[in-house]
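Please keep the sequence and the model in view while reading.

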Amino acid sequence: MAPQTKKPGKQAKTTKKFIINAQQPASDKIFDTAAFEKFLQDKIKVEGRTGNLGDKIVIQQAGEGKIEIIAHNELSGRYLKYLTKKFLKKMQLRDWLRVVSTSKGVYELKFFNVVNDEADEDDD
């Protein structure tokens, strides 16, 4: 019997949902979620081109400080993390904020833990 080959054409649609949670910095008024949403719409590449989102990727705000990305094609969470870091660098917030994955498909912006060494310096 001849080997069977896969027929090109219909592939199962994959729908992925990502959430970027920036409530903590947004409540402190140092992170602009509207500007971040616009940045993502401008920078996400679909089929090798920016500004080509169409119906394949939907970006919307979900509550205060949360952005929801629904992708009807292949989109990796690492790519969203990369774009988030790029936005933080552009806004000069990369020194104070970091991107942490709290669960699958959920990324959160957290402040770095800063420890004051002033108590140690006063003992001199």
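Leaving aside its neighbours within four places in sequence, which residues is E37 in contact with? In this predicted model, those residues are I59, Q60, Q61 and I67. E37 itself belongs to helix α2, which covers residues 33–43.

E37 is buried, yet it has no salt bridge. The nearest side chain of opposite charge is that of K38, 10 Å away, whereas a salt bridge requires a nitrogen–oxygen separation within 4 Å. The side chain of E37 does, however, form a polar contact of 3.3 Å with the side chain of Q61, a residue also listed among the contacts of E37 given above.

Attention now turns to helix α3. This helix comprises 14 residues, 77–90, and spans 20 Å from its first C-alpha to its last, close to the 20 Å expected at 1.5 Å a residue. Its buried residues are G77, L80, K81, L83, T84, F87 and L88. Viewed down the axis of α3, these buried residues lie within an arc of 165 degrees, and therefore they line one face of the helix. The face turned away from this buried side carries the exposed residues R78, K89 and K90.

What do the buried residues of α3 pack against? Their partners are helix α2 and the strands β1 (16–21), β5 (66–71), β6 (97–103) and β7 (106–111). Just after α3, Q92 adopts a positive phi of about 60 degrees.

Definitions and conventions. Residues numbered from 1 in each chain as written. Predicted model: local features only at pLDDT ≥ 70, side-chain atom pairs only at ≥ 80, totals over all residues. Heavy atoms only, no water. Helix = DSSP H or I, 4+ residues; strand = E, 2+ residues; numbered from the N terminus. Buried < 20%, exposed > 50% of the residue type's maximum accessible area, 1.4 Å probe, protein only. Lys, Arg positive; Asp, Glu negative; His and termini not counted. Polar contact = N/O pair within 3.5 Å; in protein donor to acceptor, adjacent residues only side chain to side chain. Contact = heavy atoms within 4.5 Å. Expected span 1.5 Å × (residues − 1). Arc of directions from axis to C-beta.
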